[in-house]
Structure formats: structure tokens, C-alpha cells
Amino acid sequence: MTDTSKRPESEVQFARALKCIPGGVNSPARAFGAVGGTPPFIQRGEGPYLFDVDGNQYIDYIGSWGPHILGHRHPALISAIQAALETGTSFGAPTVAESDLAELVVELVPSVEKVRMVNSGTEATMSAIRLARGFTGRDVIVKFAGCYHGHVDSLLVQAGSAALTLGTPSSPGVPVGCTADTFILPYNDVSALRQMFAEQGDKLAAVILEPVCGNMGCVIPSDEFLQTLRRLCTENSTVLIFDEVMTGFRVGLNCAQGRFGITPDVTTLGKIIGGGMPVGAYGGRADIMDAVSPVGAVYQAGTLSGNPVAMASGLATLRQLVKDNPYDKLESLAAQLADGLLQAGQSAGIPVQINRVGSMLTLFFNDAPVTDLTSATASDSERFAKWFHGMLNRGVYLPCSQFETLFVSTAHTPELIQKTLQAAAATMAGL
Ligand code: KE4
């Protein structure tokens, strides 16, 4: 069994980073806050592997939190990025690459007739919310407890006690006014949805949700929940926004909306659309998108939006996915992993739940099904922390929180999954 528990150089680099970067990281998700310890500092990635600065090799199931569905350094991406670099890095003027990627997104994503490129998922959701409010002339928006849509002021809210609660800021620095028009409902709660629309339907500018939630761990919507949401948004002229930053091109070539057969009005994208480079996007019905500047009055802009190097990376990624259509392979690999993890828990007498859609999944240390934030937060986070470090020390790099989702890539193999499951059996035995 691999031993990757010795990480002296990562310790040195973390102490150094802490001196000039808050928490030593440029995104809190990487800080091991939920599991403790020192994050390995990564020196490089290759296929399904990460290598840290101490020379340890890990089987990677984060894939940069989703972008690397093709694994690290796929040859098609590397050569496309290198070719783009030969022409320059950014021009602040339109390029053909932006139209190439936009046309492919329009072709692949059922709801998208027009699309605007931005630089992150957060920019995409922030812009989509502003667009929905500008298009409808309404202010109130609805999100679901447990869904994360980036660090947008109006979406950094936490639910209060009742089911239909006005959001209160979940972060200092967010004025109460920013969340005063944000309602929060429980995910998968059809009756709360019906009540909200009965009471506020004509005031609702938009409902935004992750069509498969990845940010309370993987939580799967019921068909009734999605169908009811689509019907009520249509009946009330409320903009339905699918935040597919994580699910986009992950759960299928046509995204979650294609997999489930539910078409939103606006879709936000990120992660895979950039293939590891900074790309976000929002798109949807042409009549809605034409409300965006310079056509319409809803303002949105960005110096590096549509950056040609990032476009090349995203285009190579989507073109490879179209060429390979690897979703049956991803389904099979992820099912092998999920079934094996469930078996490892059962053999160790540890209650675990596995939620999986395609190649995204979460193992919850929980003795009951996980269908919303309440059931997700009933999971045993302490046991998760021991599980995480046990796997990390055996060369398996998992998301460092119970409330995140792991990803299988096309670079993974049945043999690597089997190796992962051997590490899982040894780790579970010690929990
Ligand atoms: P970014 O601004 O991080 O590119 O995207 C925000 C975002 C929006 N919508 C969904 C559904 C998302 O999952 C995300 C970001 N996901 C987290 C992982 N759960 C990114 C990791 C991080 O914050 O470092």
C-alpha cells in the first residue's frame, strides 16, 4: 500500500504561504478547514495523478474541483493552448475563438441560444441574477439551502428557521439590503416551492438552483421537484436559472438539462467549459440574452472575458468530449467506485450513503438517505475527516470536505479504481 503521509516540503511551503496569503490559499475550499492538517502543495498533474512537492503521487478525484473531466494535461488541450500562446495572450478585441466556443455551447446546451463568456462561475451567476432582474423588472430571487453559486453578495445567504425564509447574509461584508430580496427554500421540497409561488409568484424574478447539487455533497433532485419548478416558473414568467457550473458537460454532453429533459431559461457554466483555464459563461433564450449590454441595458463587462488562450482550452475540451463521447465509460468507472465504496463501508460495519449522477458522487457517513441540507449536515464530519486523511496517506486525493463532490475522469481506469477501493477497505477498517 502506498504511503504518502510524509510531506515535509508541503509543511515548509504552507508556513511560507500563510505569511502572505490569507489562510495560505487562494480559495478557502483548499485550506483543509473541515479536515485539519496541511494541504499538500502540488507540483504537477498528469492524467489521473497529482504529484506534490515531496514527490508523493496521488490518484486525483478532485480534478481541480471539476474542470479536468479529461484528466490532467490532456494532449489535445496542451497543444491547443500552446498554439494559442503563439499568437498572444489577450487583445481586448473580438476573436474567432470566442465565436467557435459560443457556437459549440449553443449546439450542446439545449437552453442556450446566445451566450456571454466571463471568467468564473461566480461572474456567471452574478450576471445571470442581474439579467433576470433586469429582464423581468422584478427583484425577488429564490435559491435553495445547500446550493452554492459562487461568492455573489445576493446569494451568500443562510436560511432562517422557517421553510420560507428571507435570506440573512452568511458573510460579514454583505449588507442586509443585498439579501433582502433573496428567499431560501429547502432543496427537493415541492410543497415549499408551491407555497412560495402561491404567495410570491408574481414578484419572483428568478429561481436559481444546481440541477444536481454538488455543494452540500452530491444531492439528487426528484423528478417531481424539477418538473414542478419548471412549470411554476413558466406559469409566473419567472426566469429559471440552472447553475450548471459543476454539472455542465459533467453529467452528460448536453449537461443536466439534457440528461433530465428539463430546459431552463438561463444556464450558467464554468469549470469544464474552460478545461482548467478561467472561463465562466451564462446563456439562454435569445430574448433574455439580448437584454445584456451592449444590445440591452443590463450592464456586464470584463477585461479578460473570452480570453483567447482560455477559449482554446475550453474549445479543445468540448471538442474532445464530442469526439470521444466518454459518458458511458465515465458512468461505468464511477459506478465501480460507488459500488466498491458502499461495499467497503458495509464490510466495516460503517453506515454510508452514496449519491451519484454520472461521474460526480459523494460518500456520506450517514445512516439515512441524503436528500437536502438537513440530512446532509446530519452526516458524521469527524469520521469523514479521519476517512479523508486515511485515504490521503494511502495516495488517494479526495475533496477535503463532507459537503463536496468527487469526480472521476476519462484518465481513470478500472485498475486505478480497484487500487482506490483497496485503500478504502484499509481506511474504513480503521475508522
Ligand atoms: P467559481 O467562481 O469558483 O469559478 O464558481 C463558483 C460556483 C458556482 N456554481 C457552482 C455550482 C459551483 O460549484 C461553483 C464553485 N464550486 C466550488 C467547489 N464546490 C469551487 C471550489 C472553490 O471555491 O475553490
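In this predicted model, the structure contains 9 aromatic pairs. One of them joins Tyr58 and Tyr397 edge-to-face, with 5.7 Å centre to centre and 70° between the planes. Tyr58 belongs to strand S3 (residues 57-60) and Tyr397 to strand S16 (residues 396-397), so the pair ties together parts that lie 339 residues apart in sequence. Tyr58 has 0% relative accessibility and therefore counts as buried, the limit being under 20%. Tyr397 is buried as well, at 10%.

Phe365 and Phe384 make an edge-to-face pair, because their planes stand at 70°, with the ring centres 6.5 Å apart. Phe365 sits in the loop between S15 and helix H12 (373-376), while Phe384 is in helix H13, 19 residues apart. Phe365 is buried at 3% relative accessibility, and Phe384 is buried at 6%.

Elsewhere, Phe144, Tyr187 and Phe225 form one aromatic cluster. A ring also takes part in a contact with a charge: the charged end of Arg44 sits over the ring of Phe51, 3.9 Å from its centre.

Phe384 leads on to the cavities, as it is among the residues nearest the centre of the largest one, together with Leu363, Trp387, Pro399 and Leu406. This cavity has a volume of about 110 Å³ and a lining of 15 residues. Helix H11 (327-347), strand S15 (360-364) and helix H13 (381-392) each supply at least two of the lining residues. The lining divides into 10 nonpolar, 4 polar and 1 charged.

The search found 2 cavities of 30 Å³ or more.

Conventions
Residues are numbered from 1 along each chain as its sequence is written. This is a predicted model: local features need pLDDT of at least 70, side-chain atom pairs count only at pLDDT 80 or more; totals for chains, interfaces and linings use all residues. Side-chain values use heavy atoms; hydrogens and water are left out. On a 1 Å grid over the protein atoms alone, a cavity is a set of points where a 1.4 Å probe fits but cannot get out, and a pocket is an open set with protein on both sides within 12 Å along at least five of seven lines; lining residues have an atom within 4 Å of a point. Grid points are joined across faces, edges and corners, and a volume is the space filled by probe spheres set on the points. Helices (H or I, at least four residues) and strands (E, at least two) are DSSP runs, numbered from the N terminus. Ala, Val, Leu, Ile, Met, Phe, Trp, Tyr, Cys and Pro count as nonpolar, Asp, Glu, Lys and Arg as charged, and the others, Gly among them, as polar. Rings of Phe, Tyr and Trp (its six-membered ring) pair if their centres lie within 6.5 Å; planes under 30 degrees apart count as stacked, over 60 as edge-to-face and the rest as tilted. Buried means under 20% relative accessible area, exposed over 50%, partly exposed in between (1.4 Å probe, protein chains only). A charge sits over a ring if NZ of Lys or CZ of Arg is within 6 Å of the ring centre and within 35 degrees of the ring normal.
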